[in-house]
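Trainee: I'm new to this one. Can we walk through it together?

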Amino acid sequence: MPVFDLAVTPLRALNEALHTVGAGSNDTHFDILNPRGAHAVAVGIDQPLTVAVKGSVGYYCAGMNDGGSVTVAGSAGPGVAENMMSGTVVIEGDASQYAGATGRGGLLVIKGNAASRCGISMKGIDIVVHGSIGHMSAFMAQSGNLVVLGDAGEALGDSLYEARLFVRGSVKSLGADCIEKEMRPEHIAILSDLLAKAGVEGVDPAAFKRYGSARKLYNFNIDNADAY
Amino acid sequence: MCGIVGLFLKDKALEPELGRLLSDMLITMTDRGPDSAGIAIYGAETPGFTKITVQSPEPARDFAGLDDRIKAATGTTVKIAAKATHAVLTVASDAVEAVRAALGAIAPSIRVMGVGTNVEIFKEVGLPRDVVERFGVAAMAGSHGIGHTRMATESAVTTLGAHPFSTGPDQCLVHNGSLSNHNNLRRELKRLGVSFETENDSEVAAAYLTAAMKDGKDLGAALTGALDDLDGFFTFVVGTKSGFGVLRDPIACKPAVMAETDAYVAFGSEYRALAGLPGIETARVWEPEPATVYFWDHAKAA
């Protein structure tokens, strides 16, 4: 099991090692020590690797992840799991701004709180936040699911396309074109599955509200100009 | 981009370490802003005396015999501690205005970086590591301090354009961001009699807070007013004689991380800046909310 201590090993060596693991290799579990807020830890993984980061990371941890399983035993800076394609990223602590931005697939779990713009422009990723999220979350989100067990800040889902937003707590305000929608059985099923995958137990999916797009801003219509 | 740091000590036992801790935090933020760096440290006060931190492009010429020239011009005794391009003049508090006025005539190339009973300010063009070494910041003691590594956006890369900006006694500010209404605000403040050293947007923010506090507001109220009156992107960290404040604009694009333990409150643009602080592993670490004033004060805690 490779161990990379970032107090002595340059970050570039770690990311190179993660990128050169061949298909079928047995050495697929990496431990990363002393990240101390370093940027770009474990970016660009494209194999089913397991990476355990022992501490807090800076910007863009696990960006572009495609198939890896990354766990951060600490907090994450801005842009964690940005543009994830597939795989799983778990943050034990809090996440900073734009967690999971533009993600196309995979699952991002934040066990603490996420700051502003969580899931901005998400395009298929699933994001589960055990705590609360900040303002402008899911801005222009296109597809995928954002699940929030706590509260959401201002302008949730502004200019939303087809992503589903599930919030258990309060929502400070909804953004342009974002509305509350009915929780039908298929939504309960999607949510139950995501809660289970994210390790959430004893929470009733029916306690969540669902938010989505009113679909008024898809095409420009002069009557809606004030809503932009 | 810019990197900003701040450290407000609650535990007096850490005070001898302040300069070293702040220096390390600042050096860690080098890649957010390699143009210039600066630091303001609030040290011990000598009752009845005020410190004037000055800077000169020709320190050998300007600082030699400056105490005698000030004495001849004003009759006031001045103690000078020169450090590279900066010097801290310690003068009787009631002679500050006379000394400032005399400096303009005696040594016109000297610029005042800051004035206060506690604060000393050191800032220069160059990498943070070089700047803190040149001024021996690591050896300085104090109760709190703020620092800045600059990536210039709104005005020139000069010593005067470096942060912190100090526009009132013992007040200083570091800024990450850019203001869009600084020219208009500068005109309004000038009309109220405020003078400016630079074309820098951050100096306007500092002067705005100074003007608000002159009107009787405390720092918390002044920062609350800034949310209405300043337009643009900002994360501010400000220092006063005994206080330490943080404010982010409502959009809050500019990064900020804070940490608090029984021993200190710390601010960094990134967690990396805080990673070397004692007890950080068990500190409460959080991201300050947008449009929310955070403020600590030794005087109020006492």
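Trainee: Is the crossing of α6(B) and α7(B) left-handed or right-handed?

Mentor: The crossing of α6(B) and α7(B) is left-handed. Left-handed means the near helix is turned anticlockwise from the far one by less than a right angle, and right-handed means clockwise. Helices (H or I, at least four residues) and strands (E, at least two) are DSSP runs, numbered from the N terminus.

Trainee: What should I know about the model itself?

Mentor: This is a predicted model, where local features need pLDDT of at least 70, side-chain atom pairs count only at pLDDT 80 or more, and totals for chains, interfaces and linings use all residues. Residues are numbered from 1 along each chain as its sequence is written, chains are lettered from A and ligands numbered from 1 in the order in which they are written, and side-chain values use heavy atoms, with hydrogens and water left out.

Trainee: Back to that pair. At what angle do α6 and α7 of chain B pack?

Mentor: About 40°, with the axes 9 Å apart. Axes are lines fitted to C-alpha atoms, for helices over the stretch in contact, and angles run from 0 to 180 degrees between N-to-C directions. So α6(B) is oblique to α7(B). Angles under 35 degrees count as roughly parallel, over 145 as roughly antiparallel, 65 to 115 as roughly perpendicular and the rest as oblique.

Trainee: Which residues make the contact?

Mentor: From α6(B), His182(B), Leu185(B), Arg186(B) and Leu189(B). From α7(B), Asp201(B), Val204(B), Ala207(B), Tyr208(B) and Ala211(B). Contact means heavy atoms within 4.5 Å.

Trainee: And how do α3 and α4 of chain B pack?

Mentor: At about 110°, with their axes 10 Å apart. That makes α3(B) roughly perpendicular to α4(B). This crossing is right-handed. Among the residues that meet are Leu66(B) of α3(B) and Ala98(B) of α4(B).

Trainee: New topic. How many salt bridges are there over all chains?

Mentor: The structure holds 20 (a side-chain nitrogen of Lys or Arg within 4 Å of a carboxyl oxygen of Asp or Glu). One of them joins Arg272(B) and Asp31(B), at 3.1 Å, N to O. Arg272(B) sits in the loop between β14 and β15, and Asp31(B) in the loop between α1 and β2, so the pair ties together parts 241 residues apart in sequence.

Trainee: How many salt bridges cross the interface of chain A and chain B?

Mentor: Zero, by the rule. Still, 13 residues of chain A are in contact with 16 residues of chain B.
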